[in-house]
Amino acid sequence: MIDALQEPVPQLEVCPSINVSFQLSGTQLPADHGYLVYSAISRSTSSLHGIDWLAIELISGLPSGRGLIALSERDATLRLRIPADHYRDVLPLAGKRLDIGGHQIRLGLPVARSLDPAPSLYARVVTIKKFTDADPFMDAVKRKLDSFGVKGRIELPRDEQKRYRRRIVKIHGKSVVGFSVAVHDLNDEDSLLLQAGAVKLIAPENGSIEWQSIFSRRAMGCGIFNPILKTGAPEE
């Protein structure tokens with residue numbers, strides 16, 4: 001017999017997610033720009049501040065010295081990972097000028113595309129609070145995936161010197177330690193869930209919605225997984 005005092009369990013819903021790409025114009029950015037980009041977007045479009053479903057990928061560029069990256073004149077892109085039914089919420093970003101740590105960029109029109117499942121995924125940086133050493137960090141990643149029912153083989157990739165790709169990112173002026181993470185042998189369902197990065201929790205008593213992320217700081221460029229191409233390089 002079910003205990004009448006037992007709290008109702010929230011309904012978990014995995015929502016279809018999409019990539020939304022804004023071509024951008026600019027010359028250079030700080031290499032560590034995840035928090036700066038999120039702050040600039042929050043200032044320009046206040047409705048996106050503190051939104052749990054929003055993930056903002058780091059912008060690709062070439063090292064340019066003094067902690068900067070140079071942006072491609074043709075292919076520089078800002079990519080968001082969002083639930084498909086929130087597409088209209090990011091449209092106001094089109095045409096915005098953003099100040100990223102004193103460097104100016106301007107966003108073009110958005111292009112949306114669906115996510116494709118892949119057996120191997122890669123994230124440039126994943127952070128888990130209080131886990132800064134490789135072995136305990138890997139165990140913590142496994143527990144995170146287990147809690148969402150995602151089954152896969154976890155790898156912490158290494159650089160050319162056989163060192164783990166340990167990352168340090170600045171968030172609110174504080175240094176946060178993370179690692180690059182790859183997950184292999186995923187089925188299609190788990191691959192799409194890990195790429196989506198968050199699930200919707202619906203309260204049974206009143207229908208209120210809360211988003212729960214697999215990994216934290218997704219709006220600041222962390223915990224965002226992309227397919228690894230057959231060449232062995234992650235899709236950028």
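## Reading the strand partners of β13

Author: In strand β13, H184 is the bridge partner of R153. This is a predicted model, in which local features need pLDDT of at least 70 and side-chain atom pairs count only at pLDDT 80 or more, while totals for chains, interfaces and linings use all residues. Residues are numbered from 1 along each chain as its sequence is written, and side-chain values use heavy atoms, with hydrogens and water left out.

Reader: Which strand pairs with β13 over 3 bridges, and in what sense?

Author: In general, strands of a sheet pair through backbone hydrogen bonds, either parallel or antiparallel. Strands here are DSSP runs of E, at least two residues long, numbered from the N terminus, and two of them pair if DSSP finds at least two bridges between them. In this case, β11 (residues 153–155) pairs with β13 in the antiparallel sense over 3 bridges.

Reader: How many bridges join β12 to β13, and which residue in β13 is the partner of I168?

Author: Strand β12 (residues 166–171) is joined to β13 by 6 bridges and runs antiparallel to it, with I168 partnered by V177. In the hairpin that these two strands form, 2 residues lie between the strands, and H172 takes a positive phi near 55 degrees. Strand β10 (residues 121–126) is also antiparallel to β13, through 4 bridges, and A123 stands opposite V181.

Reader: Why is β13 described as largely enclosed?

Author: A residue is buried when its relative accessible area is under 20%, exposed when over 50%, and partly exposed in between (1.4 Å probe, protein chains only). Because 9 of the 11 residues of β13 (residues 174–184) are buried, this strand is largely enclosed by the rest of the structure.
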